[in-house]
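Please read the notes below with the sequence and the structure open side by side. They are written for someone new to reading protein models, and each point can be checked by eye.

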Amino acid sequence: MRFRPAITYAEMRYGQIGKKPSSKHKILVDEFVKRLDEILPWDQAAMDATAEVNIQLTQARSVIGENDTAIAGQAITSGCMLVTNNVREFSRVPALPYED
């Protein structure tokens, strides 16, 4: 199954109104989302897991970006494998299953 964290979806949508807005970007995101089974909800469990990841990384003095922390928390709480090309950041998160 193919899932997309809510935070990642928001980042993708922001691209259509961000620094370089593009109507083509909206079409690309719409077509990509059609292939997904679900956008994972940003719920209390995801927020709690994100807070725990933030605490762990802060204590380890190995903080990553806020959105990446939220994406990691949501992946952990949903039991999903995170597929990323940002191994440098996500490899710092304990108990996060990820794949490059």
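The numbered points below go from the annotated span to the helices, the core and some backbone details.

1. This is a predicted model, and that should be kept in mind throughout. The UniProt record, an unreviewed entry, lists residues 4-94 as "domain: PIN". In the model that span is 59% helix and 8% strand, and its end C-alpha atoms lie 20 Å apart.

2. Between helix H1 (6-14) and H2 there is a loop that holds glutamine 16, whose side chain makes a polar contact of 2.9 Å with the side chain of arginine 13. Leaving aside residues up to four places away in sequence, glutamine 16 also touches Pro21, Ser22, His25 and Lys26.

3. Helix H2 covers residues 23-34, and its 12 residues reach 17 Å from the first C-alpha to the last, which is close to the 16 Å expected at 1.5 Å a residue. At the start of H2, a side-chain oxygen of serine 22 comes to within 3.1 Å of the backbone nitrogen of lysine 24.

4. The largest nonpolar core has 12 residues, among them Ile7, Val53, Leu57, Ile71, Leu82 and Phe90. Helix H3 (44-59) and helix H4 (66-78) each supply at least two residues of this core, and the largest share, four residues, comes from H4. Phenylalanine 90, for its part, touches Asp68, Ile71, Ala72, Leu82, Thr84, Leu96 and Tyr98, when residues up to four places away in sequence are not counted.

5. The buried residues of H4 run from Asp68 through Thr69, Ala70, Ile71, Ala72, Gly73 and Gln74 to Ala75, and what covers them includes strand S1 (3-5), H1, strand S2 (38-40), H3, strand S3 (82-83) and helix H5 (87-90). Just after H4, glycine 79 takes a positive phi of about 75°.

Technical notes: Residues numbered from 1 in each chain as written. Predicted model: local features only at pLDDT ≥ 70, side-chain atom pairs only at ≥ 80, totals over all residues. Heavy atoms only, no water. UniProt positions renumbered as here; feature names shortened; annotations may be inferred. Expected span 1.5 Å × (residues − 1). Polar contact = N/O pair within 3.5 Å; in protein donor to acceptor, adjacent residues only side chain to side chain. Core = buried A, V, L, I, M, F, W, Y, C linked by side-chain atoms within 4.5 Å. Buried < 20%, exposed > 50% of the residue type's maximum accessible area, 1.4 Å probe, protein only. Contact = heavy atoms within 4.5 Å.
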